[in-house]
Every structure is written in structure tokens, then in C-alpha cells.
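Visitor: Could you take me through this model step by step, with a question for each step?

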Amino acid sequence: MQNKDIKRLSLILLFAPFTLWIALLILLPHIGMVLLSFREKVAPRVYEYSFANYLEFVNEPIYWNTLLRTGTMSLLVTALALLIGFPIAYYIAKIAGPRSRGGLFLLCLIPLWVSDLIRAFGWILLLRETGVISSFLLWTGLISTPIEFLYNDVAVIIGLVYTVILFMIVPLVSTLDGMDNSMIEAGYNLGGNGFTVLRRIIIPYAMPGIVAGCIVTFMLTAGSYLTPILLGGKNSSWFTEQIYNQFITRFNWEGGAAFGMLLLIFTSFVIWLGLKLSGQTLANTVAKS
Amino acid sequence: MLAKNKTTPFLFGYRLYVLAFFLFLAAPLISAGAFAFNDSLFPALPWQGFTLDWFFGDTEPKLGMFHDRRLLQGLYYSFVIAIFVSILSVFVGTTNAFLFIRGEFPGKNFFYILMVIPLVIPGVILGISILVLASDTANYVEKNLDLELEFLRPGILLVVLGQFSFIATITSLVITARLKKFDATMEEAAFNLGATRARVLRTITLPFLRPAMIAAGIVAFLVSFENFNTTLFLVGSEAPLTITMYDRMAKVGSTPVLNAVSFFLMVGSGLLALLSIAVQRDKQA
Amino acid sequence: MTQSPDFDLECLDISKNFGAFRAVKDVSFNIPSGSFFSILGPSGCGKTTLMRMIAGFEEPTGGDIRIKGRSVLGTPPNRRNVKMVFQHLALFPMMNVYENIAYGLRCNGVSGDHIKRKVHDVLERIALPDVAEREIHQLSGGQKQRIAIARCMVLDPDVLLLDEPLGALDLKLREAMKIELKLLQHQFNTTFVYITHDQSEALVMSDNVAIMNQGEFEQIGTPQELYHHPNTAFVAGFVGDSNRWSGTVKASDGSGGKVETAQGLSMSFNSSGKAAIQEGAKVDIFVRPEFIKTIRAAEADRQGSDGDNTMDGVVDSLLFNGANSRVLVRTGSGELVESDITITGDNDLKPGEDVRLVWSSKQAMCFAHQEHT
């Protein structure tokens, strides 16, 4: 019986930090944000509960256009990251020799250890009018006047793909790594060609990794702030920028909270949809990577 | 393997693609780092010759990073914040690992998902939600109890808590993965040899977890150091380095001193990352 | 139920329930000091649970466990002077050999000098004097085995429990370790309780073996007793190989008689179980392959047979395995009978030859039929 008490006590002790963390830093703040988002300032220091903040979002096309734009761009970035990243992950997990494998994987991780800011800074130095690429092209004589590669959607997409692709590659490598090579060989042995083996065997097997990578990639993209602002310039129209403007520039916390909720609901919805469509769950994808 | 069944040109093309990809990965980092050594007032071509002024120069306009008071201060605050975040995250990560591997309680899966969720909440939202709660609490206390709770206003504590809120998930996942591999009979063996519960934990279980705890701590440190989105909303007057750099970029424009800082951070992070890999490697490997 | 200091370990009506499942049912036994005792049973028979109760990792639902005559119920595992070698050894990989062996001594607060002497002492005794500074992963399988034992023996336990420690070794090493374990036990003169599902391990090493099945002890005895005089059909079937027939008793004088098998064969037997066999009872008969003689049919007619059971058949195949070679004979009723033979390479039996199988009724062990065995 004494044994049982010790077990119960240690369970409670272990639960304490978890509960404090999740309740105080995740659940309560989000509840607070929901409440705040339903508050409307009717007069100085007088508030009422209403949908005004959400109505403002609906009535102002610039807001929901920004959210839609953020969403579609994020999906595009996710798709690009998957397309570019899958062959790399496959190469690392299945084709590279055992020696180069670890090295290549580490190379993939290196940008992870560098802040968003530095990565964006690097791209700015490469892409801007006086930047490396423009100067190089001038020097080769391919162009006669400097070109501005920065401050457009392509620059934003390049920067975002760059920022998030590691989060696509890492889960992909770890799932593909767990795949038995003989499964692929059996696929060929049974008469499949490269494409059917890829479609019927490799991709279904890698599905949890693909979904995990896509979720993290999408979330990071939709929630990113620095890269779109720095590479897209003042008119990058990223939704997080709207949130920042509401909060910091206009000091309209109620509106900012509503926008935050909208971003959260929107991204959660996309992820929920993605999980449903792929038949995966959060627990067997993200939690595993 | 795919390679065996394909012609060599295909493999060659594939290799070329991989190479191009790694060039793509390296390009911005190289450009961010290389211009730190360019003897020019702007981080741009043409190359004006090698200099270390952007690190050690002590006069304007080439004030090096090690003489730039604001940058050094930012570095210091980043360091302090990252240390606190790592310690907190590793502690909570360890208790969470024990909770989810050893604990038996109803709704375990649900709680596990709760633990993972902070990782997929956009950092901006974590930042504002914590800001809102802290400010509301501070306002409420001030109004009703006439007490000014300075620590709930934007500042170091809020930044630490904000970063901790999602970094704890990362450390929990890392340490949980390690604890999963632990052979529980090892604890029984130690018990059997006469050790007390506390001694088993101290001499067997924690030493087994130590590599994962150190690695998780390093990851937490790096993620904290480079975090921007969450920090942006919670920062007070003690701006950490990323915020200082961002301000500098927005106000002064890009100057090679930022390249110097970038280079410094890249080298530092790289060394820490190597260290974390070294400790995680098992003795057998 | 007198307490006798002659026994290192006594278990009295030990039982353990997991919910409605009875893993161990009222098991009683005692082990004389300094002997090698094995608990042999199929996996899932409850032997591991029984051992975990002795070590203190599980609380028994009922009964008493006594070590050196003193009950240890309620004593936590770290205070029992019963040490255990785990199935996968559970050596501590973060410590070297010396630290592994010193661990228990440190826990007991033994002084540094003393620890040093004892560790080197025990390393001498297991004939590995030079490995103290090695890391665990640098040891071979057999060395790990010995270190795991040394780690326990350095604490002078009253009883050493071993939970199938040879299971992970390859066959050759396992054979060598069997002999080595027996020697170590002699050397330390400590009671070993050895858990296994491998009968050859149990038979070779043990002074006494308990056969466990479905949470109960079927029989305790020396290896020879178990082999030659099993008390139950389960023991007869589990220990050693045997041919088995089911049948009905046609004639019985209580200790022997005649049985007609389900295939219509008639054979005589001696009763082996404790209970007398009545006429008309359903029985199982076990005959070990080494007691069946296989004779060419032509020679058998000339010689006549000296056994009181005979059966005619055709050689189906030869199973050559050196000294343990067997012949499979298909009898007239279609079943296969195994019998030991010596294959010399000269004038051996060939598949298709007519043969006669002969064995004595003394070697036919007969038990009342049980539904679930």
C-alpha cells in the first residue's frame, strides 16, 4: 500500500510542471485572447462584448484578402518544400552511402541553427539591387542595369521555402530511414517500374513523415513574420503583419486578438483538413518527428 | 534501391540536383557571413579587401561588434534569456518524459497531444496571447489591489516564459524519445543491488538521460537565441540580440557589422550543434 | 512447518493474482542451502512472476516467503539479501566493469579500500582479473554473463536468482556457460535459483528441478527422477522427448496392465502416476525414443523379441544427428514413431524397409488422461 502512495505522489509531482506550463502559458492565455477578441471599446474605458472585431475583419476586404493570401502562399510554399525536399530526403535516407548520409543530414540542419533574421539578411544581400546576384550578372554582361530581385512574391516564396524546408526534410528522412530497402526491391522484383514503386510503396510508407513535414511547414510559414516583411517589403501583405500593426502600431489589442484567433482558427482548420484527407492523426505524425 | 535500377545519367542528374540544393542552402549564409570581412561600408560587391574592423574596429564609421554597446547588450540579454529558457525547458521536459513514459493515468493520449500542440501554434500568437494574459492580470491587480506587478509587463520574464511555452515541447519530445529506450530492468537491477529509489534515479536513470538532456538544453538554447516572432511582442527595454539587429536593420539599414554578428552567431551555433551531436552519440557508436 | 535453518529459501503457499488471472497458484517449496535449484516451465507458466516475488518486485497475493528462515514479506527489494541476474543482464552501460561490481557495495556504504579489495577478489574468482577498467560494451557475451553474476556475488547474497540469463547467447556459448555456471555455483557455494524454459539447461546444471505449469508446480525432483519417473503426463511430455499414445485401459492390476490405443494397437504398461489406473480409464502413454529398439523385420522373426511391446512398421526417414540420430517409423495404423538408433554408415536402415519396434512395458509410462495437456 505504501508503494501505491509513493506512485500516486510521484504522479502528482510529475503532473505539476506539466499542468503549470500548459494551463498558464497555453490554455489560459488563449482563453484570455478569445475573451479579449469579443470585447469592443464603446467609450474610453468602457467595453462591451460583441462580434465587432470579427465584423470588422469581414467588412474590410483588405483583411480577409490578406488572410487568404497568407493561406494560399503558405500552401504553395508547403507544396514547393515537399517537391524540393522529398528527393533530397530520399537521397539522404536511401541513396547516399552510410558515411556521407550523416554528413549530408547535418548539412541540411545547419541553417536550422541560424536565426530567421540572419537567413533573411543573407537573402537580402543576395537579391537586392546592389546585391551579389545583380552585381554578378552585371559583371558577366548579361544585364546592363542592376535588377531588383527583392520586394516581390517570388523573393518571399524563395525566402520562406528556404526557411522551412529543413522541417520538411527532417521528418521525411527519419521515416524513409525506417523503411526497409527490401520493400523497394520487392516492389521492383514484382514487376513495378520506378514510378509505380514510388507511388504505391514509397509514398504511402512515407505518409506520416510527409504529413508531419507539411503540418510543421505550413504552420511555420503562415505564422512567419520576419521573412515576408524583410523580403517582401512594406507591401508583403502577410497576416502576421496585420496582427503586429493592430497590436503595436494601432494599439488595438481587441482587434489584434481577434486577428490572432482568426489566424489560429484558419491554420488549425487547414491542418485538420489535411489530416482528414490523408487519414493521419496529430499523434502519429508531428509527435513522432 | 532506386539507384541500381536507373541509368547512370539519371543518377548523375540526381546528384547534380542534390548539389544545387546544398548550394541553395549555403548561399545566403555565405553571403551573410562573408561580407563581415569586406573592407567596405556596405555589405555588397565589389570586394574591397579583407578586414577584421567589423569585429574589432573601435571608431565610427567602422565600429566593430565587440565595441558596439547596444549589440553587446543584446548579446548579453539573449544569453541570459536563453540560459533561463534552457534550464526551465530541460526541467519540464524531463518531468514530462517521466510523466508520459512511466505514468499511468486516464486521458494520457489527450494530454500528450496537449503537450505537442504548442509546437504548431504560430509563434506570433503565443506571443500576443501571453502578452494579453500578463497585461490583463497586471491591470487587474493594479486596479483592485493597487499593486504594480512590474514583472508581468513586457520584459525579460515574459520573453523567457513566451519562449519556454513552445521550447518545452521540443525538449519534452527529445527527452521522451530517450527515456523510451531505457531498459527498465536496469532500475530493478540497481534496486536489487540495494540502492534506494533516490539513488537509482541519481546513479542510473538520470545518467542514462544525461546526453538527451544536454542535447535538449543546447537545442533550447539555440532556438531561444534565434527566436524572433514570440519575443517581438513580449520584449521590454532589455532587447535581445535578434530584436536589436532587426531594429538596426530597419533604422540604419544593412551594415557590415550585422554580417559580423551573423558570422559570430553562425560559428557559435555551429559549435554548439556539433557539441550536442557529440554528446548524443552513444559510446558504442 | 518448522523453521529450519537448513533452507536458504522457503516458499509457503505463494500465490499471485493479476485481476482475475491467477499467475501463481499456491506454490510451496524449499531449497536446501548451497544447492542449484531450477524452475522449468513453458513461457507464461508464472515462473518469472514467482521469481519477481522472491526478489521483491511483486507483492504476493497470499502465502509467505522466507529467506534463511525469516519472512521477507514487506521488505522492499533493496533490503532483501536476494540478488538477481536479469534476462538481459541489465549491466549499467554508463559505468565500467569495476563500477558495476562496486555499485551494490557503494549502496551498502562499504568503505573505499574494502570495495577495491572485494571487487578484485570477485574478479579473480570468476577468472577475469584484468577487466576491471573495461567498458561494458567491450566485453564478450560470456564475460558480460560472468560480470553480471560477480556483481551480485560480491554482496554475498543468501540466494542468487537467475532469470534465463543464457537466452541471448548463441548455441555454442550457451553450452559452455551451462558448465561454467555450475562450476561457479560450486565455487561460491551459494544457493542458485535458475529460471528457464530450456530443459537441457535445467537438467544439466541443477541439483533439483521444479516443473511449473499454469501457475502450479507439477513436480519437484532431481533431473533423473523427473526424466525417468515423471508424476504427471505434463512432466513426461515436457521433460525429454517421447512418443505418445492415447488409449483405454483394457486390463489392469493397479500398477500395470494392457491398453488399447485409439488406433487399435494393444500395448502393456507400468503405471507411473501416483494414482492407480482402473480398467476402462482413458490414459496417455509415453515412451522415450531411446527405449524403443528398431529391428529389421527379417531379423526380428529370427531373434524373437525380448520386449513385451512390439509394433510393425516401415522406415519413413532417417534423422541423422551424430550420436543423437533417430529413425522415423510409420506403423500399420499410419502414425509416426521416433526411435533412437546408431547410424554407423555401414548396413544401416533405409527408408522403405520393414522393421519391428520393440520396447519393455517398464518403459511405457502411463497416466490418466487429462483434457488440457
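Guide: The bounds of a domain, as used here, come from an automatic or database domain assignment. What you see is a predicted model, and in it the assignment gives chain C domain 1 (7-233), domain 2 (240-287 + 364-368) and domain 3 (289-360).

Visitor: Which pair of chains shares the most contacts?

Guide: Two pairs of chains are in contact, and chains A and C are not joined by any contact, their closest C-alpha atoms lying 9 Å apart. Chain C does touch chain B, with 19 residues of chain C meeting 18 residues of chain B. The other contact takes 67 residues from chain A and 68 from chain B, and the pair that shares the most contacts is chains A and B.

Visitor: Which helix gives the most to the side of chain B that touches chain A?

Guide: That side of chain B divides into 50 nonpolar, 15 polar and three charged residues. The element that gives the most to it, with 11 residues, is helix α1 (residues 8-34) of chain B.

Visitor: And which element gives the most to the side of chain C that touches chain B?

Guide: On this side, which divides into 11 nonpolar, five polar and three charged residues, the elements of chain C that give two or more residues are β6 (82-85) and α2 (97-107). The one that gives the most, with three residues, is α2(C).

Terms used
Residues numbered from 1 in each chain as written. Chains lettered and ligands numbered in written order. Predicted model: local features only at pLDDT ≥ 70, side-chain atom pairs only at ≥ 80, totals over all residues. Contact = placed C-beta atoms within 7 Å. Helix = DSSP H or I, 4+ residues; strand = E, 2+ residues; numbered from the N terminus. Nonpolar A, V, L, I, M, F, W, Y, C, P; charged D, E, K, R; others polar.
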